[in-house]
Amino acid sequence: MFSVEIICVGKLKERFYIDAAAEYQKRLSPFCKLRVIELQEERLPQNPSQALITAALKKEAAAIRSKLPPNASTVALCIEGKLRSSQELADLLRTWENSPAKHLVFLIGSSYGLDEELKNEAWIRLSMSPMTFPHHLARVMLLEQVYRAFQINAGSPYHK
């Protein structure tokens, strides 16, 4: 069975995000062993300097790396990542299934994103949209798209 992890910087607080994420986690259980890891977001002052943001992202990257399992393929969610259709994501999951990697790990950064070095280490950079979304919503959207990809690969009518 697939081992899929989502490492997120920041915790879901709003009930509607928590409920939506839980629903997709439940739906994914027949397809993969899913683990969601929430990490503490670095606190920054209002209107932080770029130097403070960069330092915070480096600390968050270190926390992310400490949670990465060995032999992991990482997918960094970032605005400059490649836009992919649901079918293309399903194809990527199929490709990963045939790779020697043991874990597929999606990385969702804080409201300031992910550290550049961490993004450079990723197997793939993935963009959900050129629009900006709250990173909490991005988690729900990612869970739904991973579920959709498994449904596509299973030949289910879910994807229309």
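Helix α1 passes helix α5 in a left-handed crossing, meaning that the near helix is turned anticlockwise from the far one by less than a right angle (clockwise would be right-handed). Before going on, note that this is a predicted model, where local features need pLDDT of at least 70 and side-chain atom pairs count only at pLDDT 80 or more, while totals for chains, interfaces and linings use all residues. Residues are numbered from 1 along each chain as its sequence is written, and side-chain values use heavy atoms, with hydrogens and water left out.

**The helix pair**

The axes of α1 (residues 15-28) and α5 (residues 135-153) come within 9 Å and cross at roughly 20°. That makes the two helices roughly parallel, the label for angles under 35 degrees. Axes here are lines fitted to C-alpha atoms, for helices over the stretch in contact, with angles running from 0 to 180 degrees between N-to-C directions. Helices (H or I, at least four residues) and strands (E, at least two) are DSSP runs, numbered from the N terminus.

On the α1 side, the residues meeting α5 include Y17, A20, Y24 and L28; on the α5 side, L137, V140, Y147 and F150 are among them. Contact means heavy atoms within 4.5 Å. By class, this contact has 11 nonpolar, two polar and two charged residues. Ala, Val, Leu, Ile, Met, Phe, Trp, Tyr, Cys and Pro count as nonpolar, Asp, Glu, Lys and Arg as charged, and the others, Gly among them, as polar.

**The sheet**

Five strands line up as β2-β1-β4-β3-β5 in an open, parallel sheet. β2 (32-39) and β5 (124-127) each have a single partner strand, so one side of each is left without a neighbour in the sheet. From one strand to the next, the twist averages 30°. Strands count as paired if DSSP finds at least two bridges between them; β3 (residues 72-83) and β4 (residues 103-108) have five, in the parallel sense. S73 has L104 in β4 as its bridge partner.

**Two buried residues**

Buried means under 20% relative accessible area, exposed over 50%, and partly exposed in between (1.4 Å probe, protein chains only).

| Residue | Element | Relative accessible area |
|---|---|---|
| V75 | strand β3 | 5% |
| S86 | helix α3 (residues 86-97) | 16% |

Setting aside residues up to four places away in sequence, V75 touches L104, V105, F106, L107, W123, I124 and L126. With neighbours within four places likewise left out, S86 is in contact with Q145, R148, I152 and H159.

Note on methods
Parallel < 35°, antiparallel > 145°, perpendicular 65-115°, else oblique.
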